[in-house]
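Colleague: Please take one part of this model and examine it closely, with the criteria behind each term stated.

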Amino acid sequence: GGSISDKILVQEALQERRIARIAQQIFDRGSVRFVLVAGPSSSGKTTFSHRLAIQLKTFGLRPHIISMDNYFVDRDRTPVDIDGNYNFDVLEALDLELFNDDMIDLLNGETIEMPRFDFKSGRRVYKGDFLKFEENDILVIEGIHGLNPRTTENLPSENLFKIYISAMTSLNIDEHNRIPSTDARLLRRMVRDARTRSYSAQDTLRTWSKVREGEERNIFPFQESADAVFNSVLIYELAVLKQFAEPLLLGVRQNEPEYYEAKRLIKFLDYFVGIDATPVPGNSLCREFVGGGIFPI
């Protein structure tokens, strides 16, 4: 018991130290008003943003976390892919003009009303979220396009700090086989999808290649432009995810096209001894996927 808890806490402490270092960089620059947090699906952007915000508070700053999703265009203007499905992952799904106008207004000391995107009606709504920059205010903006220069093309570069969240697994299964980073993210996503959207493992597996294509096009090309990179992988997390993912994967039936992929992942999880999630702290990135976290996600 003790040694596992200890390993978990050491991992968490290492991550906290890296988050603190990034907060220090932001504070030291002195001119940063917009922190952009980008990264592929299930890299842990949301939890990272909340933890970074807490570190920024230790420097006397007043961070506000906003999601780029609030700047989605209204549903009738949302781009569609070749199959006629809405494509929310392209830059054109965002109202960049409004976003840039709002941010410039903030820099100019004006009060803006922050939009919220209502996914049920497919429209932006305004709920009285007014914001005016005081001296210590700083925005932490989470969204997959944060590193794309077009997202912030009208904003002065000295006011921007861009963070890329990756999920690069450094574990090896044996001498010859590294754990593919995408598998860790896929399992994170599967566990979260099941918990928050009641998706089956099949649902997640079926759409995964589309998600990956979108990342190759919209996120990975811009990672070089980041001011800081944060690796969100925790070495213990696959042992925790195992108990949540395995039952989901075992539910994929043999006649389904996703069966072989599910089987491959079950075999992959056999390399890990499952551990209980109890010792995982409430602010852990792992909690974004397994649930029970303290942040409003």
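Colleague: In which helix does D193 lie?

Modeller: D193 belongs to helix α4, residues 181-197; helices (H or I, at least four residues) and strands (E, at least two) are DSSP runs, numbered from the N terminus. The model is predicted, so local features need pLDDT of at least 70 and side-chain atom pairs count only at pLDDT 80 or more, while totals for chains, interfaces and linings use all residues. Residues are numbered from 1 along each chain as its sequence is written, and side-chain values use heavy atoms, with hydrogens and water left out.

With a relative accessible area of 3%, D193 is buried (under 20%; exposed is over 50% and partly exposed in between, with a 1.4 Å probe and protein chains only). Leaving aside residues up to four places away in sequence, D193 touches S198, Y199 and T204, where contact means heavy atoms within 4.5 Å. With T204, the side chain of D193 also makes a side-chain polar contact at 2.9 Å. Such a contact is a pair of N or O atoms within 3.5 Å; within protein, one must be able to donate a hydrogen and the other to accept it, and residues adjacent in sequence count only if both atoms are side-chain atoms.

G292 is found in the segment after α8 (287-290).
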